[in-house]
Amino acid sequence: MTFINYAAREINCKIVYYGPGLCGKTTNLQWIYDKTNPQAKGKLISLATETDRTLFFDFLPLDLGTVRGFKTRFHLYTVPGQVFYDASRKLILKGVDGVIFVADSQEPRMEANIESLQNLEKNLKEQGYDLKTIPYALQFNKRDLPTALPADDMYRQLNFKGEPTFEAVAMNGTGVFDTLKAVAKLVLTELKKK
Amino acid sequence: MAAPDLVMYEEEYQQIKDILHRLQVDSNSKIVFLVDKNGQQIASQGDMRGVDATSLASLTAGNVAATDGLAKLIGEKEFSILFHEGERDNIHISLVAQRVILVVIFDEKSSLGLVRLRVKKASGELEKTFEQLLKKAEADRGNQANRFDSPFAEITDEDIDSLFSE
Ligand SMILES: Nc1nc2c(ncn2[C@@H]2O[C@H](COP(=O)(O)OP(=O)(O)OP(=O)(O)O)[C@@H](O)[C@H]2O)c(=O)[nH]1
Ligand SMILES: [Mg+2]
C-alpha cells in the first residue's frame, strides 16, 4: 500500500525481504545501511534475538531522492526466516508494495528455499496479494560458498515468472543494490499504471 | 492490490494537523503523532526534537500489529488501546477508523484520564476527516479527468535510474 502524500509531496513504498532462516536478509539491509549517505537513511532497527536472528523485523527507511517533484521514500523490512515465526511474517507483509526473495545458494538449503517460497505465496494470498503480479525480484545469495549450487539449477527451481534474478554475496555487497533497484523500479512502474 | 493506497491532500492534511495540535494542547501532552497501520508517519505535533519519528512510526505499527495478532488469537476483534507507563514518560496508543494509529506521549503534567478523554474527542474528528479523505481519493481514482494530478503517469526509466545514481 503506497502512501502518496500530496500535501508533503512524498511517496512511501514498502519493500519486504523474504526467505528462509540465515539466507542473508538482514545482511542485505546492513550492507545498504552501511553504504548509504547519512542524509539518505534513517536508523536501522533490528528486533533480534541474542544470537542475532531476526525476531520480528529489521527496518530501514531510505530516501531515494525525488521523482517528478515527489520525495521518494522506501521502507525496507526483513521478515524472520525461521519457520516458527510465521505469525510475525504475516504481519510484516501487510501493506507490502514489493518483495525480494533471498534464496540461500548452499545445496542443503534448497528445500528450505522452496518451502519459504511456498510460504510467501500462501501468506501473500491471505492478504489478498498474488505473487504472480506483485513487484518481485529473486536473489541467489552466498554465491561465494563452495557448496553453492549452479545458478542455472537454482533458476530452474525458483524462478517462476521470469522475474529479475541476481547472484549475490550479501556479505561483501555483491548484487545487493542491483536487487533492490530492480524491485524499486517495478514498484514505481506499478504506480504509473494506477 | 489488497488495500487501496493511502492518499493525502492539502486540505485534509491541514485539518489533521489542527486536530492533533488541539489534542496536544488540551491534553497537556508532549507529543501527538499519527501513523498509518503500516508504519508510515502521517503527521505530528509537539516537540519532536530528539525524537526519531520514522523509527517511532515503524515500531508503533509493529507493536499494534503484534497486539492485533494477540487479540485475534484469543478471539477478540481488537484491543483498541495500548498504554505503556514509563518512569518519566508514558505512551498512549489507540486506533482510529481502523486504519490509523494515534500516539500520545505525555509526562506528569498530564494524566491517563485526561489523555483518554481528549483522545476520544479527537478520534471522532479524525474519523470524519479520514472518511472524507477516502471518498475524495476514490472519486479521484474514478475520475479520469483528474489523472493529470498524478505525477507518476509520466515517470520514465531515466527518472527511476537517476534515483540510484550517486
Ligand atoms: N558466506 C556468506 N555468508 C553470508 C552471506 N550473506 C550472509 N551471510 C551470513 O549468513 C548468516 C545469516 O545472515 P542473516 O543476514 O542474519 O540471515 P537472515 O536471513 O536475516 O536470518 P533470519 O533473521 O534468521 O531469518 C550470517 O552469519 C551472515 O554473515 C554471503 O553472501 N556469503
Ligand atoms: Mg534476519
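Leaving out neighbours within four places in sequence, A:Asn123 contacts A:Tyr18, A:Asp86, A:Arg89, A:Lys90 and A:Leu93, where contact means heavy atoms within 4.5 Å. The structure is a predicted model, in which local features need pLDDT of at least 70 and side-chain atom pairs count only at pLDDT 80 or more, while totals for chains, interfaces and linings use all residues. Residues are numbered from 1 along each chain as its sequence is written, chains are lettered from A and ligands numbered from 1 in the order in which they are written, and side-chain values use heavy atoms, with hydrogens and water left out.

A:Asn123 belongs to helix 3 of chain A; helices (H or I, at least four residues) and strands (E, at least two) are DSSP runs, numbered from the N terminus. With a relative accessible area of 0%, A:Asn123 is buried. Buried stands for under 20% relative accessible area, exposed for over 50%, and partly exposed for values in between (1.4 Å probe, protein chains only).

Two packed helices are described by the angle between their axes and the distance between the axes. Axes are lines fitted to C-alpha atoms, for helices over the stretch in contact, and angles run from 0 to 180 degrees between N-to-C directions. In chain A, helix 2 (residues 86-93) and helix 3 (residues 110-126) pack at about 55°, and their axes are 10 Å apart. Helix 2 of chain A is therefore oblique to helix 3 of chain A; angles under 35 degrees count as roughly parallel, over 145 as roughly antiparallel, 65 to 115 as roughly perpendicular and the rest as oblique. The crossing of helix 2 of chain A with helix 3 of chain A is right-handed, a crossing being left-handed if the near helix is turned anticlockwise from the far one by less than a right angle, and right-handed if clockwise. The contact of helix 2 of chain A with helix 3 of chain A has 3 nonpolar, 2 polar and 5 charged residues. Ala, Val, Leu, Ile, Met, Phe, Trp, Tyr, Cys and Pro count as nonpolar, Asp, Glu, Lys and Arg as charged, and the others, Gly among them, as polar.

Helix 3 of chain A also packs with helix 4 (residues 151-158) of chain A, at an angle of about 30° and with the axes 11 Å apart. These two helices are therefore roughly parallel to each other. Here A:Met110, A:Asn113, A:Ile114 and A:Leu117 of helix 3 meet A:Met154, A:Gln157 and A:Leu158 of helix 4. By class, this contact has 5 nonpolar, 2 polar and no charged residues.

Between the chains, helix 5 (residues 176-193) of chain A packs with helix 4 (residues 157-164) of chain B at about 140°, the axes being 10 Å apart. The crossing of helix 5 of chain A and helix 4 of chain B is right-handed. The residues of this contact divide into 6 nonpolar, 1 polar and 4 charged.

In helix 1 (residues 25-35) of chain A, the buried residues include A:Leu29, A:Trp31 and A:Ile32. A:Trp31 and A:Phe177 are 146 residues apart in sequence and 8.9 Å apart in space, C-alpha to C-alpha.

A:Cys13 is buried at 0% relative accessibility, as is A:Cys23 at 0%. Over all chains the count of disulfides (pairs of cysteine sulfur atoms within 2.5 Å) is 0.
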